[in-house]
Amino acid sequence: MTELKNYLFELCSESAPSGREELLCSLERLVRPYADECYRDGAGNLIAVKKCGVPGAGRLLLDAHADEVGLVVTDVDERGFIHFANHAGIDDKILPASTVTVLSSHTLIGVVSSIPPHLDKGGKEKKVIKAKDLVIDVGLDADSARKAVKVGDFIALRSSCTELRNGLVLGKSFDNRAGCAVLVKVLSLLGSIRPRRDLYFCFSASEEFNGAGASSAAFLTEPDEALVLDTTFAVSPYTPASRGKKLGGGCAIGISPILNTHMTESLIGAARSRGLPYQTEVIAGRTGTNADNIARSRAGVPTALISLPLRYMHSAGEIVSLSDLETAVLLVMGFIEYRAGGKR
Amino acid sequence: MNKLLSYYTSLFGTSGSEGDIRRAIINEITPHAKARVDALGNIIAFKKGAAEPPAVVMISAHMDEVGLIVTDIADDGTLRFDTVGGIDPRVLCGKHVAVGRGKIPGVIGQVAPHLEKKADRDKVRAVDELYIDVGAKDREDAQSCVSAGDVVGFRSDYAEFGNGLVRAKALDDRVGCEILTELIKTDLPFDTWFVFSVMEEIGCVGAGTAAFQIKPDYSIVVEGTTAADITDDESKSPVCRVGEGPAVSFMDGGTVYDKDFMRLVLDAAGEQAVPHQLKQAVSGGNDSASIQRTASGARAIAISVPVRYLHTPTGVASLSDIENTRRLVLAVLQKLSEI
């Protein structure tokens, strides 16, 4: 558990909004020692390969997206303030008074503006402040700010990782560094089983933007089957059980028309035979994850989905359960044995 | 780095719960001044100067900061809260907090944008619709570490950044506490009273009772005040600007300041070449409102460090403004010794 937590916290100490996945240096550092091959492809995916040594063996693709939600600089004004737009997935509601990381040639830390309550005359109903009406303050005058920050630079939410009660942790970009941490751990454990298939671990790019990373990774690696790890909504006061999964209740196994029924059954079978807690997440259409992109790539790839319950998605205060991550590791290991394995 | 300001802003001290910051200040000032704590928790300190005072002069800064207070624990273990002091609910969603004496970490919940109903997209949830999540399983689990009445502070790091700026929580009014502490460590022209007051953010409570004990002729409040200089809307006042020196108030929401005393402040600033600005809006208010009307009244002035994003988890101020505010208060004392 401690190791998984350390992986997660290390992966979340860096910022990599969709399109800047190369900034996640810790990922390559964690993955490389365990992989037979490790490379970054043209789409920005980091791909780590574990060969089974059998010529002509099949291929299983294990995918977790490495990118995170972010903002993008649209202007640096004559007072040195940064204007920005939503780049991927961030709700305007969480922005005022947030601290952010501006990913320019040198990283800068900035504060998102807000309206002082003293100047906000009462009476009117408060409206959400739109991103276009906010600025980021990096504390620089116009000349210095324009030198340091360029239009098109990306911006990430900023917060540190904290342990809460009951094995829960709080931080940013757990969507989907939680999935990445699980796959890193699985990769590190593969010495204990002998897969009959080559395993392609894809830490994919651009999921929060358009899913292009997973599409091209599926094309490149030519998998027979794919398993996607991502996060899903956990129950919280405004997210009832009808819309979310129980945090700490085990990972959610996706059931959806776009997912492969046999593979989904293998996941459930692996969970049952190992006594792992799990939940099922029924999704009536597409899943909204990389599973959609992978399933429809090439001539079609049978795909299954595991999701980690997460509260307050796309904010700097996301919460996941370390026990769910632990369960996910065991479930993925079980799945690999089921579909591509045999004990050593 | 301004180590004292970093230390002072790192401490939690919501109105009525100023214990940590009070102990820190007392440790800093007791070698240099005689200090006591009064019934409400104000620090009242007497600093011996080079000469007899021309009049009773009281310099004050408030110790408390805005924050939250737990009002109830729900069945699911989440905490309902209210604000202590004026906080716009729009700055709360997704922010990290520390609850109670145990500084239990938590976060103010929000709804994932994917699940927000279209009708609610532009809706601001009021404070009574928000909650804190400390990761408790249920009410009983939460009760093992949190109680109704526990105060809640924002978790936010101190950092100096940009062109000589600082960002931290509680700059309102730990900048004032830092400046007063530095003044107490300085040789002053005459005997001077210093007050570190409690409960300013809930209606200037402590400063009034402190003033009753000191009965000042002159009151100088050292504050952190709103800088709205981020606006590019010409029709809106910036109030004051970060980096352009301390803001001197002629009037705000609670006080019309003493004209003669204000003239003296501006003269002192001019003579000592201390950069300064006038606060260009009648807004907000500070401890002067209580001090001015206490006992037989005092001539009041407020000298403030401009702070952007006041009353949020992260304010921004200028280190040179802080230094110049200290210089201006000292210049005012020197000028007062000539009257």
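B:Ser60 stands opposite B:Val221 in strand β13 of chain B. In β12 of chain B, B:Ser60 has another bridge partner, B:Val195. Before going on: this is a predicted model, in which local features need pLDDT of at least 70 and side-chain atom pairs count only at pLDDT 80 or more, while totals for chains, interfaces and linings use all residues. Residues are numbered from 1 along each chain as its sequence is written, and chains are lettered from A and ligands numbered from 1 in the order in which they are written.

B:Ser60 belongs to one face of β3 of chain B, a strand that covers residues 57-62. Strands here are DSSP runs of E with at least two residues, helices are runs of H or I with at least four, and both are numbered from the N terminus.

Buried means 20 or more other C-beta atoms within 10 Å of the residue's own; exposed means 12 or fewer, and partly exposed is in between, with C-beta atoms placed from the backbone. In a regular strand, side chains alternate between the two faces of the sheet. On one side of β3(B) are B:Val57, B:Ile59 and B:Ala61, on the other B:Met58, B:Ser60 and B:His62, and all of these are buried.

Staying in chain B, helix α4 covers residues 171-184. Its 14 residues reach 19 Å from first C-alpha to last, close to the 20 Å expected at 1.5 Å a residue; the expected span is 1.5 Å times one less than the number of residues. Because 13 of the 14 residues of α4(B) are buried, the helix is largely enclosed by the rest of the structure.

Next, the domains, whose bounds come from an automatic or database domain assignment. Chain B has domain 1 (3-65 + 169-336) and domain 2 (68-154). Their C-alpha centres lie 31 Å apart. Ten residues of domain 1 of chain B are in contact with ten of domain 2 of chain B, contact meaning C-beta atoms, placed from the backbone, within 7 Å. On the domain 1 side, three of these residues are nonpolar, five polar and two charged. Here Ala, Val, Leu, Ile, Met, Phe, Trp, Tyr, Cys and Pro count as nonpolar, Asp, Glu, Lys and Arg as charged, and the others, Gly among them, as polar.

Now chain A, which has eight helices and 17 strands. Domain 1 of chain A is 2-68 + 172-340, and domain 2 is 70-157. In chain A, 32 Å separate the two domain centres, taken over C-alpha atoms. Of the 344 residues of chain A, 57% count as buried. Its C-alpha atoms fill a box of roughly 65 × 40 × 40 Å along the principal axes.

Last, how do the two chains meet? 50 residues of chain A are in contact with 50 residues of chain B. On the chain A side, the elements giving two or more residues are β7 (107-112) and β11 (168-171). By class, that side has 25 nonpolar, 14 polar and eleven charged residues.

Definitions and conventions. Pairing = 2+ DSSP bridges. Contact = placed C-beta atoms within 7 Å.
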